[in-house]
Number of protein chains: 2
Amino acid sequence: MTDPSHAPPAPRRRLSAADRRAAILEAALQVFSERGFKQASLDEVAERGGVSKALIYEHFASKRELQLALLDTYVHDLIDRVVRASAAVEAPEDRLRAGIEALLEFAEERPAALRLLTRNVDDPVAGAALDRLREEAAAACADLMVMHAPEPRPGDLPVETTVAILAHLIAGGVQFLAGWWLDHRDVPRTAVVESLMDLYWVGLERLTQGEHWR
Amino acid sequence: MTDPSHAPPAPRRRLSAADRRAAILEAALQVFSERGFKQASLDEVAERGGVSKALIYEHFASKRELQLALLDTYVHDLIDRVVRASAAVEAPEDRLRAGIEALLEFAEERPAALRLLTRNVDDPVAGAALDRLREEAAAACADLMVMHAPEPRPGDLPVETTVAILAHLIAGGVQFLAGWWLDHRDVPRTAVVESLMDLYWVGLERLTQGEHWR
DNA sequence: AATATAACTGACCGAGGAGTCAGTTAGTAC
DNA sequence: GTACTAACTGACTCCTCGGTCAGTTATATT
């Protein structure tokens with residue numbers, strides 16, 4: 001009767017509040033990044049975390065609160081890495097390159113976190129967070145560009161307009177390619193960086209010398 | 001008693017099946033593009049279409065069916081425009097430009113349709129449709145590139161890899177910028193096209209001449 | 001061993017939303 | 001006018017999911 005193989009299977013080990021919180025966050029990261037905010041269910045987070053749903057509410061006031069905690073963590077981490085890497089070098093082209101490399105390193109180490117940020121465009125909260133992030137990156141790109149001397153030809157559009165477009169194009173392109181790379185990991189990271197730099201930097205250099213297409 | 005101002009307010013006009021179907025699709029386009037597939041409710045579609053929810057089910061077997069009808073319509077329309085515009089000219093740079101312009105025209109005429117395609121990355125069906133679309137565009141870009149002569153230096157990565165990355169970078173960048181433009185309609189369309197062409201084409205031209213960054 | 005407390009759970013509630021069905025009514029054909 | 005059909009509806013069911021609560025149990029402290 002008291003067959004040990006039928007004994008209360010695993011007298012689940014209790015964790016400290018901090019550890020359990022971290023475990024829940026990890027499970028939530030998986031589910032949220034795979035399904036997106038709205039489609040992610042807390043029941044699934046609970047199940048994957050090996051925990052009851054009620055326990056989640058001991059650590060987070062609501063589903064949104066949980067999402068915000070996740071976003072907060074990774075947004076700050078990502079910004080930190082990119083800014084730090086970029087500020088560590090001097091030349092504009094090195095700054096761009098360092099920023100790109102930092103982003104790709106982040107993608108490599110925490111693919112789920114990158115997906116969390118990029119695969120949630122439809123959710124107002126996550127979408128806004130990503131927009132802000134890209135806006136910052138675009139502003140940084142714009143700074144790199146005005147260091148160079150753009151030479152507007154007569155009849156051209158205002159420089160700020162062109163700079164803003166190019167900056168967003170670059171920031172958006174890098175973001176997109178980082179996401180693309182997650183699904184094409186056979187491509188070596190250096191190939192991605194080199195291609196980005198080749199197209200962007202060579203193009204920019206020519207542009208600042210007054211060259212235009214055709 | 002029979003005060004005419006209290007008479008049965010509007011003896012709702014009936015439509016033919018085809019017309020009603022079109023009206024429902026239009027209402028669905030609005031709701032789906034604003035909220036995304038999962039968050040969009042058929043109750044809201046019904047309300048905005050001025051129709052009962054049950055009627056929607058007379059025209060579409062399910063919510064997914066309705067989404068597929070929408071996607072089908074606009075995906076084909078978009079492909080058609082871009083391919084037609086691009087095929088109408090000869091030079092590679094003109095083809096790229098024509099394709100970009102066709103996409104932006106589509107964005108201008110049917111902003112909701114573009115949002116339907118781009119603001120639904122998290123939904124498996126819509127996401128897959130957008131992926132296929134971009135894949136096609138990237139393939140077309142790759143074709144434009146191999147027309148030129150890329151000259152691999154010894155020790156370089158295989159050409160196909162570089163071409164694939166650049167093609168996706170361009171396709172993804174254009175897609176992103178089209179979406180960005182929807183929220184920045186003060187920017188003139190020509191400015192967007194010119195910037196895209198300047199960065200991409202000038203960069204590509206230099207690259208095919210064996211130039212690299214630095 | 002007794003006590004306190006913090007980690008943890010099962011069972012529940014209410015709202016919202018997909019999908020259904022038994023009808024009602026506007027047009028049409030005679 | 002009458003009858004027929006196709007457009008159309010209100011009221012319903014079922015289910016998922018965010019959130020709650022009344023407890024139960026592991027562990028640290030004494």
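**View 1. The surroundings of DNA strand C in the predicted model.** In this predicted model, 23 residues surround DNA strand C, where a residue is near a molecule or strand if its C-beta atom, placed from the backbone, lies within 6 Å of it. The closest of these residues are A17(A), R20(A), S52(A), A54(A) and A54(B). At least two residues of this surface are supplied by each of α1 (17–35) and α3 (53–59) of chain A, and likewise by each of α2 (42–48) and α3 (53–59) of chain B; helices are DSSP runs of H or I with at least four residues, numbered from the N terminus. With 4 residues, α3(A) gives the largest share of the surface near DNA strand C. Sorted by class, that surface has 9 nonpolar, 4 polar and 10 charged residues, where Ala, Val, Leu, Ile, Met, Phe, Trp, Tyr, Cys and Pro count as nonpolar, Asp, Glu, Lys and Arg as charged, and the others, Gly among them, as polar.

Residues are numbered from 1 along each chain as its sequence is written, while chains are lettered from A and ligands numbered from 1 in the order in which they are written. Because the model is predicted, local features need pLDDT of at least 70 and side-chain atom pairs count only at pLDDT 80 or more, whereas totals for chains, interfaces and linings use all residues.

**View 2. The surroundings of DNA strand D.** DNA strand D is surrounded by 23 residues, of which A54(A), K63(A), A17(B), S52(B) and A54(B) are the closest. Here α2 (42–48) and α3 of chain A, together with α1 (17–35) and α3 of chain B, each supply at least two residues of the surface. The largest share of the surface near DNA strand D comes from α3(B), with 4 residues.

**View 3. The contact between chain A and chain B.** Chain A gives 38 residues to the contact and chain B gives 38 residues, two residues being in contact if their C-beta atoms, placed from the backbone, lie within 7 Å. On the side of chain A that touches chain B, α8 (159–182) and α9 (189–208) of chain A each supply at least two residues, and the largest share, 13 residues, comes from α9(A).

**View 4. The relation between the two copies.**
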